[in-house]
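Work through the exercises below with the coordinates loaded. Each task is followed by a stepwise solution.

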Amino acid sequence: MSIFPPPPRRQSNKIMVGRVAIGGGAPVSVQTMTNAPADDPVGTLKQICLAADCGCDLIRCAVPSVRHAAVFAEVVRQSPLPVVADIHFDCRIALAAIKAGAHKIRINPGNMGDWEAIALVVQAAKDAGIPIRIGVNSGSIKHKNSNDARTIPQALCEECIEYVARFEDMGFRDLVLSLKTPDPLGTIAVNRLVAKQCSYPLHLGVTEAGPEEEALLKSAIGIGALLADGIGDTIRLSFTAPPEREVLAAKQLLRAAGLLRDHPVLISCPTCGRTSVDLEKIVAEINEKLRAFTLPITVAVMGCEVNGPGEAKEADIGLAAGAGRMTLFKKGMPQGTFAPDEAVAALLAEIERMVAGRH
Ligand code: SF4
């Protein structure tokens, strides 16, 4: 846990996606997208349940055609999470998804045909009482400046704001906006621009970010920088990987940004020539076992006694190695020394006592 408080959040409108609030000071929600075939309700629901178990707040499913709306209706009916319909190219699919019970729809007005058809979708969403996400990506940008890389954030922002104005003209303000690029710096720039120009909640993501390892870093930069600015109401990390991997990483990102404190935070040193125990193994074991706790404390595991407790004095509890043994400390104060194979158990027992409120 950072010793710095999270920054003030940007003031945004609150919208409801089923039971989940987005914006208006609600906790930043995590979402992902299923990738089981759109005509496979069993596979899709299995992914949704797994994502929910990992802490996902809402789920998005592709509805590629009107024919798929029946399967989508079944998914919505059985899903433990609110379901967002992802629609492209055809307003008739959006209408079918709304009728099937979607809790929100995501469209890019730029690829949905004429505004007369979009007006029918807006009216249907209004009648159903559900919000719409306007999603614009740099890959599909239509604005005249879009061929000049330097102006893409500006052009993307202008395009989105133009769409917003059309929705507002139709009396529809139940909106979430997403403006994504595959480049984290572009994502930061465009969201900083749009955040100044409206109060609609923002869905953050770095799109088409690649395989997990690479996408994680791009998302940490793109989404992380915006969260550090207080911008962003819901996030999706886009990995070429199973949906639950995105959810686990998104939760970690929120923890790192100081926006989620749902279990202990583990800090550990990188080790150096002073380290006299197998710290990597010890840290891996502690990391695994801490998942069972929900107490929002900071646990430090350091490779030497001299620098360890001092460097980790902000931690609530920890271990520091020295001369082949490990010292258990609380708030920087030594509590006893243990052999490395006993130290983890001693630390966990002390945390159990903290959980029980005995210390
Ligand atoms: S805490 Fe000690 S062992 Fe770990 S990196 Fe720092 S000096 Fe090295």
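The exercises concern a predicted model and go from the whole chain to single contacts.

**Exercise 1.** Describe the overall dimensions, burial and secondary structure content of the chain.

Solution. 
- Step 1: along the principal axes, the C-alpha atoms fill a box of roughly 75 × 45 × 35 Å.
- Step 2: the chain has 359 residues, and 45% of them count as buried.
- Step 3: the secondary structure consists of eleven helices and 15 strands.
- Step 4: among contacts with a separation of 6 or more, 62% are between residues 24 or more positions apart.

**Exercise 2.** Determine in which order the strands of the barrel are arranged, and examine the pairing of β4 with β5 and of β8 with β9.

Solution. 
- Step 1: eight strands close into the barrel, in the order β3-β4-β5-β6-β7-β8-β9-β10, with parallel pairing.
- Step 2: strand β4 (residues 58-62) is joined to β5 by four bridges, and the two run parallel. Ala 62 stands opposite Asp 86 of β5.
- Step 3: strand β8 (residues 175-180) and strand β9 (residues 202-204) also run parallel, joined by two bridges. Here Ser 178 has His 203 in β9 as its bridge partner.

**Exercise 3.** Classify the packing of helix α3 (residues 91-99) against helix α4 (residues 115-128).

Solution. 
- Step 1: the axes of α3 and α4 come within 9 Å and cross at roughly 10°.
- Step 2: angles under 35 degrees count as roughly parallel, so α3 and α4 are roughly parallel to each other.
- Step 3: on the α3 side the contact involves Cys 91, Ala 94, Leu 95 and Ile 98; residues they meet in α4 include Ile 118, Leu 120 and Val 121.
- Step 4: by class, this contact has eleven nonpolar residues, no polar and no charged ones.

**Exercise 4.** Identify the most connected members of the largest nonpolar core and list the contacts of Ala 97.

Solution. 
- Step 1: this core has 80 residues; those touching the most other members are Val 63, Ala 94, Ala 97, Ala 102, Ile 105 and Cys 160.
- Step 2: helix α5 (residues 152-169) gives the most to this core, with eight residues.
- Step 3: leaving out residues up to four places away in sequence, Ala 97 touches Val 63, Ala 69, Phe 72, Ala 85, Ile 87, Ala 102 and Ile 105.
- Step 4: a second, separate core has 21 residues, including Val 277, Leu 279, Ile 282 and Ala 343.

Key: Residues are numbered from 1 along each chain as its sequence is written. This is a predicted model: local features need pLDDT of at least 70, side-chain atom pairs count only at pLDDT 80 or more; totals for chains, interfaces and linings use all residues. Axes are lines fitted to C-alpha atoms, for helices over the stretch in contact, and angles run from 0 to 180 degrees between N-to-C directions. Angles under 35 degrees count as roughly parallel, over 145 as roughly antiparallel, 65 to 115 as roughly perpendicular and the rest as oblique. Two residues are in contact if their C-beta atoms, placed from the backbone, lie within 7 Å. Ala, Val, Leu, Ile, Met, Phe, Trp, Tyr, Cys and Pro count as nonpolar, Asp, Glu, Lys and Arg as charged, and the others, Gly among them, as polar. A nonpolar core is a set of buried Ala, Val, Leu, Ile, Met, Phe, Trp, Tyr and Cys residues joined through C-beta atoms within 7 Å. A residue is buried if 20 or more other C-beta atoms lie within 10 Å of its own, exposed if 12 or fewer, and partly exposed in between; C-beta atoms are placed from the backbone. Two strands pair if DSSP finds at least two bridges between them.
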